[in-house]
Amino acid sequence: MTTFSEHDQRGALEAPWTPTDSADLYQMAAWGAGYFVAGKDGHLHVRPDTTAQRQLDLVEVVEAVRKGGHTTPLLVRFRDILDHRLALINAAFSAAISENEYRGRYCAVYPIKVNQQRAVVEEVFRAGSPYGFGLEVGSKPELLAVTAMTDRQPERLIVCNGFKDDAYLHAVMIAAKLGRTIIPVVEKPSELDMILEHAKAVGVRPRIGFRVKLASQGAGRWRDSAGAKSKFGLFLAEVLELFQRLKDQGMEDCLQLVHCHPGSQLQDIRRIKDAVAELAHVYCELSRMGAGLKYLDVGGGLGVDYDGSRTNFASSMNYSIEEYANEVVYRIGSVCDQKGIEHPTIVSESGRAIAAYQSVLVFDVLGSSGLDRFRVPVPPDAEEAAGGDEDLAQPIKDLVEAYRGMTPRRLIECWHDAARAREEAQQLFNLGYLPLEQRSRADELFWASAVKARDLCRRLETVPEELQDLEEILSGTYFCNLSIFQSLPDSWAIGQLFPIMPIHRLDERPTTQAVLADITCDSDGKIDRFVDVRDIKKTLPLHELRPGEPYLLAAFLVGAYQETLGDLHNLFGDPHVVHVVMDEDGSWRIDEFVEGDTVRETLSFVQYDTGVLMDRIARDLERAVADEGMREVEAKRIHAFYAGEFRGFTYLESQRNPAREMQERRP
Ligand code: PLP
């Protein structure tokens with residue numbers, strides 16, 4: 001790895017490295033929103049309600065899981081963070097409502113597609129109860145789950161988005177008949193007739209919502225979620241036409257909700273202001289025309305500041321939750337006042353802002369590679385430097401000279417000499433005039449010069465342009481026990497940045513820079529962009545690996561969208577998941593442990609039947625016993641080995657060694 005030798009040397013003179021230095025280096029205060037801090041013990045601590053009174057050591061959680069015989073990668077969900085997010089959003093809207101003398105109420109509906117895990121949805125439903133929050137669904141499977149789980153609290157609002165077929169709408173109307181406060185949102189004109197047909201068939205007077213295609217477009221990655229080109233929603237002409245159809249049937253009171261979704265991860269508050277104002281005008285006009293409107297649904301989009309920069313950047317947002325709530329409440333209130341319309345219940349479908357912070361993905365580093373191994377001392381004389389070979393080619397001698405002569409003043413000159421000499425060495429080798437040993441030595445000397453140049457650059461105030469990439473070129477690669485496709489799909493698919501840092505050794509100076517590679521056989525399975533409040537970092541400061549000692553990293557803010565969007569690339573399945581809860585006294589416990597996918601499970605997802613596979617292995621072993629003299633006892637051991645592996649975890653388990661296990665079992 002790239003070694004910060006200069007830092008090391010200065011480090012000896014400087015004050016010792018502290019966890020506060022790590023917190024600053026990884027900019028925890030900027031992106032952590034108070035949930036994640038560097039503890040005095042050098043471990044990463046979690047504060048589920050952002051107070052120091054209730055704080056837990058994340059390393060202890062990993063150790064507890066290890067003691068139970070399970071390894072990383074491990075997804076840790078903090079129920080209390082989820083509760084805290086819901087309380088935070090509710091408090092922001094309550095404050096905005098009283099500040100703006102708003103006369104309606106606020107109701108969040110959690111879009112379950114953001115994280116449909118049963119435990120997550122149940123917790124949102126439970127913790128959202130005091131605030132009267134509801135749920136949003138976007139498909140039939142989501143609707144069926146939500147209908148069943150709202151049996152005891154039918155008054156909680158269910159908003160049904162997404163394209164719908166007859167069965168979907170029939171299920172909505174049955175839920176309405178069973179007493180649910182459920183509103184199907186018309187996404188395209190043909191859905192209205194279907195709603196009316198199924199309402200009639202089931203015998204209910206339906207509540208109906210219209211999704212409006214706004215002229216105000218979102219911005220950034222999800223800009224097409226709104227605007228004329230959006231996939232969903234009704235043009236204003238269609239809104240008027242469908243409303244007239246309701247009126248004609250004396251059902252104008254059934255239109256109770258208007259909805260828009262201005263896009264996810266809205267980074268700029270101006271987009272929110274525009275969309276909400278436009279929707280509020282539509283609401284008021286329809287109300288004036290006699291619609292029975294009660295709810296104004298501003299959709300999702302409340303952002304998460306993944307990089308902590310508080311800017312109008314894709315992984316950030318230039319506003320706070322309080323500003324968001326204030327804007328929404330103020331805009332709706334003022335448009336309604338202007339038009340003399342009663343203030344509606346404001347509904348928002350915030351998903352990311354509720355779910356992102358609750359989950360942390362912890363993973364171990366399996367090893368590293370890098371160009372630091374060329375940081376070899378160059379011996380004093382050229383022959384020795386070239387490995388004792390007396391018959392030295394000129395480029396090798398030049399490389400030694402370039403290395404030796406490199407000083408801050410002669411940096412560029414010697415760097416050029418080294419680059420030229422390396423090129424000459426390559427040419428000689430390709431022509432057959434340079435032996436392999438000397439060619440290899442040329443490489444070593446060149447990279448040693450690169451490391452020296454990089455170290456010298458670190459002392460300069462301005463790094464010469466042609467050397468600016470050296471830091472990145474010399475950075476190492478840390479191989480991590482995770483699948484980016486499974487656990488951080490947005491990092492691969494849309495370049496989403498997630499904060500990543502070690503969860504221990506925070507009282508030690510990180511001495512290397514590295515990028516991360518996962519264990520899939522795919523060159524895209526890497527992370528080489530990291531959060532930074534000013535820019536995007538191309539490498540991550542990390543600690544040197546110590547032989548035999550685990551090194552644990554974590555990706556934060558991964559609770560929204562990552563789990564269900566993840567796929568089975570290379571058949572790496574879900575990691576283990578642990579639900580951690582904190583008690584009032586600040587102690588913590590594991591509330592639920594969900595074992596990660598087994599090999600058998602991931603194989604079955606792609607239609608392999610493990611029984612059939614085991615039968616074939618058994619037949620092969622019988623043949624080996626009959627034809628090749630394999631001993632029965634060995635065949636049994638091999639059979640047991642395969643059976644165990646099918647039941648095993650899909651990720652690497654460095655603590656296990658089947659050869660040793662087999663030996664130990666040998667009679
Ligand atoms: N509502 C609808 C209709 C959506 O399509 C989405 C996601 O794109 C959301 C809500 C949730 O958005 P977010 O997670 O950005 O709050």
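These legends go with a handful of close-up views of a predicted model. Local features need pLDDT of at least 70 and side-chain atom pairs count only at pLDDT 80 or more, while totals for chains, interfaces and linings use all residues. Residues are numbered from 1 along each chain as its sequence is written, and side-chain values use heavy atoms, with hydrogens and water left out.

**View 1. Arg79 and Glu123 pair up across the chain.** Arginine 79 and glutamate 123 form a salt bridge, with their closest N and O atoms 3.5 Å apart. (A salt bridge here is a side-chain nitrogen of Lys or Arg within 4 Å of a carboxyl oxygen of Asp or Glu.) The partners sit 44 residues apart, arginine 79 in helix 5 (residues 79–99) and glutamate 123 in helix 6 (residues 118–127). Helices are DSSP runs of H or I, at least four residues, numbered from the N terminus. Glutamate 123 is buried at 5% relative accessibility, whereas arginine 79 is partly exposed at 26%. (Buried means under 20% relative accessible area, exposed over 50%, partly exposed in between, using a 1.4 Å probe and protein chains only.)

**View 2. Glu628 meets Arg623.** This salt bridge has an N to O distance of 2.8 Å. Glutamate 628 is exposed, at 57% relative accessibility, and arginine 623 is partly exposed, at 35%. Elsewhere, salt bridges with shared partners tie Arg79, Asp83, Glu123, Arg126, Asp583, Arg589 and Asp591 into one network. The whole structure has 41 salt bridges.

**View 3. Leu366, Phe479 and Leu652 make a nonpolar surface patch.** The patch covers about 220 Å². Its residues have over 30% relative accessible area and no salt bridge, and nonpolar side chains (Val, Leu, Ile, Met, Phe, Trp, Tyr) are joined within 5 Å. Areas come from the Shrake-Rupley method with a 1.4 Å probe, and for residues only the protein chains shown count as cover. Look for leucine 652 in the loop between helix 24 (632–647) and helix 25 (658–665); this leucine is partly exposed, at 39%.

**View 4. Two cysteines without a disulfide.** The count of disulfides is zero, taking a disulfide as a pair of cysteine sulfur atoms within 2.5 Å. For cysteine 260, the nearest cysteine sulfur belongs to cysteine 284, 14 Å away. The sulfur of cysteine 457 is too far for a bond because its closest cysteine sulfur, in cysteine 414, is 13 Å away. Both are buried: cysteine 260 at 1% relative accessibility and cysteine 457 at 5%.

Technical notes. Patch = residues over 30% accessible without salt bridge, like charges linked within 9 Å, V, L, I, M, F, W, Y side chains within 5 Å. Helix = DSSP H or I, 4+ residues; strand = E, 2+ residues; numbered from the N terminus.
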